[in-house]
Amino acid sequence: MTNMRTTVTVPATSANLGPGFDTLGMAVSLHNRFTITEIDGENQITVRGHGDGLLPNDETNLVYCAAERVFRAVGYRPVGIRIDIENRIPVESGLGSSSTAIVGGMMAANVLAGSPMSQLDLLDFANEMEGHPDNVTPAIFGGITVSAVHQGQAIHYPLNLAQPFKVAIVLPQYRLNTKEARAALPSMIPFKDAVFNVSRIALLIRALETGDYEMLAVAMNDQLHQPYRFKLVPGLEYACHAVRNAGAAGVAISGSGPGIVIFSPDNHDALIRTASLSFGQAGLTCQSWILDLDTKGATVEMTVAG
Ligand code: HSE
């Protein structure tokens, strides 16, 4: 019997971009790879790179659960599957590693089943599993995307960017998961804070599309979630202030943190040093990257496993 193998490469994503809570997301040039091979024996899961020894390698693994959802929905049942996970994106970093697992598992399963689901079907499935669409949309489609959920369906569009750009990411070594970071948010916010965010997100979309860093400096500010999340990570608020004072056009908590994303036309290395120094004063060491925008989104390769 011929067994098929599919590899899906999925970009890291930085969600929110300041005011665009659960709405804006950007794919960047750091990737996880998920290979699913149909096998004749029992299911197997291996994790290499980030999350090795931390992520489960049984049927509670997120990639497995995502693949299973698609197999169940489309009525496809391989005898067994082997999942090989190669993670270059740190887990619980604010860089969308769980979205890569969901998108990777779902897209690989769909291809093995003969691609009965469209990318829009997969987006709905992924959004349902993740609980919000802002990471999974750019993980699938690439670029910077706006997403909303309307009557249970994810609606999205890509920003039309005038020019490519780079961002710097600084990740302090601190454990914070999305569940905790969402639990820190209030159930009500003052009306003036809502108005603040409505105006900032409108400006931010224009600033990103036109590459207007002066407008971005005004737009990349938030009153909905960041003020409540700053206190969750030592040095986070101070690092964001320091980076702005050092000349960054914009800085935001990446997703739910603890990483931060820095927008600037140049000087990325110096801004990384400033942020790392600030976290260092709070006792945290950092990892950092200068990354391009990923414009491709998730890509799929299909081979015969033998
Ligand atoms: N929009 C989400 C949040 C992203 O901020 O909680 C988390 O990955």
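The following legends describe close-up views of a predicted model.

Residues are numbered from 1 along each chain as its sequence is written. Because the model is predicted, local features need pLDDT of at least 70 and side-chain atom pairs count only at pLDDT 80 or more, while totals for chains, interfaces and linings use all residues; side-chain values use heavy atoms, with hydrogens and water left out.

**View 1. The two domains.** The protein is divided into domain 1 (4–159 + 294–304) and domain 2 (166–292), with bounds that come from an automatic or database domain assignment. Their C-alpha centres lie 25 Å apart. Across the interface, 30 residues of domain 1 are in contact with 38 residues of domain 2, where contact means heavy atoms within 4.5 Å.

**View 2. The largest pocket.** About 730 Å³ of space lies in this pocket. On a 1 Å grid over the protein atoms alone, a pocket is an open set of points with protein on both sides within 12 Å along at least five of seven lines, whereas a cavity is a set of points where a 1.4 Å probe fits but cannot get out; lining residues have an atom within 4 Å of a point. Grid points are joined across faces, edges and corners, and a volume is the space filled by probe spheres set on the points. The largest pocket is lined by 39 residues, and Leu-62, Glu-92, Ser-97, Ser-98 and Thr-178 lie nearest its centre. Two or more lining residues come from each of β2, α1, β4 (80–87), α2 and α5 (178–183); helices (H or I, at least four residues) and strands (E, at least two) are DSSP runs, numbered from the N terminus. Helix α2 gives the largest share of the lining, four residues. By residue class, the lining of the largest pocket has 13 nonpolar, 18 polar and eight charged residues. Here Ala, Val, Leu, Ile, Met, Phe, Trp, Tyr, Cys and Pro count as nonpolar, Asp, Glu, Lys and Arg as charged, and the others, Gly among them, as polar. The largest pocket lies between domain 1 and domain 2, because both give residues to its lining.

**View 3. The loop between β1 and β2.** Asp-22 is placed in the loop between β1 (4–15) and β2 (24–39), and Asn-16 lies in that loop as well. Asp-22 counts as buried because its relative accessibility is 18%; buried means under 20% relative accessible area, exposed over 50%, and partly exposed in between (1.4 Å probe, protein chains only). Apart from neighbours within four places in sequence, Asp-22 is in contact with Asn-16, His-132, Pro-133, Asp-134, Ser-147 and Arg-182. Asn-16 is also buried, at 2% relative accessibility, and has a positive phi, near 80°, although it is a residue other than glycine. Most residues other than glycine have a negative phi.

View 4. Helix α3 comprises twelve residues (119–130), which at 1.5 Å a residue should span 16 Å; its end C-alpha atoms are 16 Å apart, in agreement. The expected span is 1.5 Å times one less than the number of residues. Leu-122, Leu-123, Asp-124, Ala-126, Asn-127, Met-129 and Glu-130 are buried in α3. The buried residues of this helix pack against α1 (62–74), α2 (97–112), α4 (136–141), β5 (144–150) and β6 (153–158). Gly-131, with a positive phi near 95°, follows α3. Ser-115 counts as partly exposed, at 43% relative accessibility.

View 5. Val-198 lies in helix α6 (residues 191–210) and counts as exposed, at 57% relative accessibility. A search of the whole structure finds one cavity of 30 Å³ or more. The largest cavity has a volume of about 70 Å³ and is lined by Gln-163, Phe-165, Ala-207, Leu-208, Gly-211, Asp-212, Tyr-213, Leu-216 and Phe-263. Helices α6 and α7 (213–219) are the elements that give two or more residues to this lining. The lining of the largest cavity divides into six nonpolar, two polar and one charged residue.

**View 6. A cis peptide bond.** Gly-257 and Pro-258 are joined by a cis peptide bond, with omega about 10°. Pro-258 lies in the loop between β8 (250–253) and β9 (260–263). Most peptide bonds are trans.
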